[in-house]
Each structure stands twice: as structure tokens, then as C-alpha cells.
Amino acid sequence: MYHKLFTKIKDTITAQSTPSGRGGIGIVRVSGNKVKSIAKGILGFQPKPRYAHYGSFIGNKYEIIDEGIALFFLKPHSLTGEDILEIQSHGGPIIIDYIIERTINLGARLARPGEFLERAFINNKIDLIKAEGINDLIEANSRIAAQNAIYCIQGNLSNILNTLIKEFIKLRINLEYAINFPDENIDFLKYNIFKKFSFLKKNLSNLLNKSTQNLKIREGINVVIIGQPNVGKSSLLNALTEKESAIVTDIAGTTRDVIHEYIYIHGIQINLIDTAGLCETLNTVEKIGIKRAWTEIKKADHILLVIDASKAININLNHPSIKILLNLPDLNKITIIYNKIDLINPQINEYLSSSIPTIIPLSTKNGVGIEKLKIHLKKIMKLNTIYGKFYTNRRHINVIENALKILEKNKIKKIDYIELLAEDLRYAQNIISTITGEFTSENLLNEIFNNFCIGK
Ligand SMILES: Nc1nc2c(ncn2[C@@H]2O[C@H](COP(=O)(O)OP(=O)(O)OP(=O)(O)O)[C@@H](O)[C@H]2O)c(=O)[nH]1
Ligand SMILES: [Mg+2]
């Protein structure tokens, strides 16, 4: 079965598939109906499918452009499901340009971004999840992100969704039966429908939770560093990133804006966010900085509240740092950092280290405690990364969220409105089908594939 956009594809596309710049090899890929004649023109003969031909590439005036390897794939046994020619030449920009120009002269046009994968999707070679997985694999910035993209390519999420859609269909069949034969043992039927509906909602909500966790693996966990001015927030950022990411001075109010940096701990990205010191102030710039700090606090996955240990020996509820602590939205997300312990009595330090696990005493000045903080962050990430062997991006998550909203809005207890329930289920199922692309508008497809690079 081909996608409804299938009839739109008539032309032949060409693009460089390897990155631009210089390299040992450069690959130009051509896909479409004219590939056979283009191959004959540039190679001088008709290539055999799936055979590595070594030879010369011929220009418009029968000059030799370069020599290298040509691979021909006969449709439908190719990436796009169309005839494909891959020309492997030497990887210089001038040569590649020359070859692309030659394929255009022979009847191809330059491909749009992501157009090869778009054709693969339209010709039913891959679903949307796999197309996105290929893109994510190429763009991956950590091994875990790459591993997750592979799950997409292997179809793990597609399988989960296809099973879910089958459950939707089963439930809709039951509903149709209840609507058409209202007199038959309706209470039992209603009970069954209720059970299946709850099961479906639970499955969808589990999928949403796991998916949100998985997204964090790719985008990183946001750890926001906050505290009063001058407690050593920027020094902590610098100690964790091991570079001079932020300006450090002894003047309170040095950091005015939000500073973003990232580190990797065991392949998982941590986005570190340094903020302006939280205090009462009349200074306009500082006020804006503090407002931005609170915006970051609201978005945080975890917060490091830095306290100057030398000024917190007799800490009580009136201490400004405690006031900040009490204003934070979720106390479960907080680690207290007792900084500047080089300035305090080592006995107090020892007491703090051993007695309260969510307090980490450290000194950004001499580095004591930094490793302990990294181990602590690693533990937090573990809590944040319970994921199955599937992977979802932000688009998938939005879709799952929307489908779940529709199901949650429906008050199943009023089962007398059984037609409305059938309608909601149909709607939610269609929404979920947009993830694999089975039920996707042309606009959305364009939006997705336009984000890919040319040559993919
Ligand atoms: N003795 C000692 N001094 C430190 C330590 N960490 C930071 N400092 C000093 O504390 C002062 C303030 O450090 P910053 O990192 O700029 O503090 P901040 O919290 O970012 O300050 P604002 O950006 O103004 O809110 C600087 O003089 C640092 O050298 C530490 O562990 N021990
Ligand atoms: Mg600072």
C-alpha cells in the first residue's frame, strides 16, 4: 500500500549524501524514474543492480570528471523504493559539484532537505518514526541518544503503537456492537467496555511517562544552580565544567543573566544553568536577572541551592537561603550545596557530610566535594531515566498527550453516551496514527522532513 501522496512523485532528485567539505570519498545519490538514463549518461553503460562498478564518470562534453564506484539499486529494492544510483567519487567539493551538475543536466533536480527519506516514507519503505530515527541517529550527541535512535529505526515504538491501535480497534468494535444491539446483555458489555477503556488509558499514560523520561536523555537533564549573591554559584558552574564558563568576582551581583553550559556524566547530558543571585534589590538589571532565575527554577529537573557555609554556621528560619528554600516549588528536586567549606571548621564539615545526604559540603576553591557532587548527580539521573527499549521525540509526546487528553475528558461512567465515547475513541486513534504517519497531513510531513539535511 502506498501513501496518498505517492502520485505526487514524478521527478528524479539528486544530492550529495556525504557531508560537504573535503574527504577521501564523496557520495552523490540520485533517486527517481530517470535514474537508468542518468546512469547510462554518466557511466556510459547500464549498470547491473547491486553491483560495484569501478569506472569513469563522464561529463557533458564526454570529458572524464573523475573515476570511482557506481552502485545501482533497482526499484523497489532501495532506500526510497525508487531506482537509485550512488556515485562514489573523490570527496572534493569541486568534483561533487561537477557530478551533481551533470546529473541535473541529465534530467534530475536538486533534492529538498530530507527528500530521500520522505520518498522512502511515501513509498512505504519506512514509517515516520523510522525516518525520524535515522535523522536523530545522525544528529545524536551521546551514545545513549544514538542507542535510542536505533530503537526507533528497529521499530520498537512502532510495534508498541501498532499494538495499542489494535486495542483501540477492538474496543471500538465492542462499542459498535453495544450501539447496534442495545438490548443484549448491556450491563456486561458496559462493564467490559469500561475495563478495556481504563486499560487503554493506563497504557497511554504509562507510555507518556516513559516517553517524557526518554526525551530527557536526548535533550539533557536541566540542573539549575541558585542561591544568594556571592555564595559561589558561578564558581560551582566553572568547577563542574572544568573551564571558565562564567565570570567570578567577589562583588555580589556579578552574574546578571542566565548562563547555559553542559557536561556529560556516563553518556547522559546534564544542562547546567547558572543564575543571578536571589535577593531583594532595586536594581533594574538585577531584578530582570532574578525573574529569569525563577523562570529557570520552574523548568528545572533538579536544583542545586548553594549556601555560603561560612555564613551559615548558626542557620535559622530567618536566614535568606532558608527563605529561598521555602519558596521553591518542589523540595524533592533540591540538593543543598554547602560551599566554601575551606573557610569553616573541619569538624562541622565532617558532621554535615555524614548526617544529611541531600547536603553536599564542598569547596569550589580547593575542589573538595566536587567528585561527590558528580556521583550524586549521577544518582539523580538514574532516578530520571527509567526507560524501555523505545524512543520518542517531542512530536510523539505531544501527540500522545493530545490523545490522552481526549480520553481523560470522556466521563466513561455516563456510559449512556456510548456514541460520544465511540467518537472520542475514533478521534484519539486517528491522532495516535499521526505518529507512525498512517494518518498524517501533508503540512505536517513537510514540516518534519524540512528539518532534515539535504542528502538524507
Ligand atoms: N574561600 C572560598 N571562596 C569561594 C569559594 N567559591 C567561591 N568563592 C569566592 O566567592 C566569591 C563569589 O563567587 P561567585 O562564583 O562569583 O559567586 P556567585 O554566587 O556566582 O555570585 P553572583 O553571581 O554575584 O550571585 C568569589 O570571590 C569567589 O572566589 C570557595 O569554595 N571558597
Ligand atoms: Mg555568579
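Because the model is predicted, local features are described where pLDDT is at least 70 and side-chain atom pairs where pLDDT is 80 or more, while totals for chains, interfaces and linings use all residues. Residues are numbered from 1 along each chain as its sequence is written, chains are lettered from A and ligands numbered from 1 in the order in which they are written, and side-chain values use heavy atoms, with hydrogens and water left out.

The magnesium ion, ligand 2, is coordinated by the OG atom of Ser234 and the OG1 atom of Thr255, at 1.9 to 2.0 Å. Ser234 belongs to helix H8 (residues 233-241) and Thr255 to the loop between H8 and strand S8 (259-265), so the two residues tie together parts that are 21 residues apart in sequence. Donors here are N, O and S atoms within 2.8 Å of the metal (3.2 Å for Na, K and Ca), and since water is not among the atoms, sites may look incomplete. Helices (H or I, at least four residues) and strands (E, at least two) are DSSP runs, numbered from the N terminus. Both Ser234 and Thr255 are buried, where buried means under 20% relative accessible area, exposed means over 50%, and partly exposed lies in between (1.4 Å probe, protein chains only).

An oxygen atom of ligand 1 lies 2.7 Å from a backbone N or O atom of Thr254. On the side-chain part, an N or O atom of Asp342 is 2.8 Å from a nitrogen atom of ligand 1, and a polar side-chain atom of Thr364 lies 2.7 Å from a nitrogen atom of ligand 1. On its own, ligand 1 has 650 Å² of accessible area, and the protein covers 89% of this. Accessible areas come from the Shrake-Rupley method with a 1.4 Å probe, and for residues only the protein chains shown count as cover.

Just after H8, Glu242 takes a positive phi of about 60°. Glu242 is found in the loop between H8 and S8, and with 64% relative accessibility it counts as exposed. Most residues other than glycine have a negative phi, and most peptide bonds are trans.

Lys340 also has a positive phi, near 65°. It sits in the loop between strand S11 (334-339) and helix H11 (346-355), and Lys340 is partly exposed, with a relative accessible area of 22%. A cis peptide bond joins Lys75 and Pro76, with omega about 5°, and Pro76 lies in the loop between strand S4 (64-73) and strand S5.

Strand S5 (residues 84-91) contains Glu86, which counts as buried at 15% relative accessibility. Leaving aside neighbours within four places in sequence, Glu86 is in contact (heavy atoms within 4.5 Å) with residues including Ile27, Arg29, Ile69 and Phe73.

Helix H3 (residues 115-122) is mostly covered, with 8 of its 8 residues buried. The cover includes strands S1 (13-16) and S2 (23-31) as well as helices H14 (418-436) and H15 (442-450). Just after H3, Asn124 takes a positive phi of about 65°.

Finally, Leu377 is found in helix H12 (residues 370-384) and counts as buried at 2% relative accessibility. Not counting residues up to four places away in sequence, Leu377 touches Val223, Ile265, Ile270 and Leu304.

Technical notes:
Polar contact = N/O pair within 3.5 Å; in protein donor to acceptor, adjacent residues only side chain to side chain.
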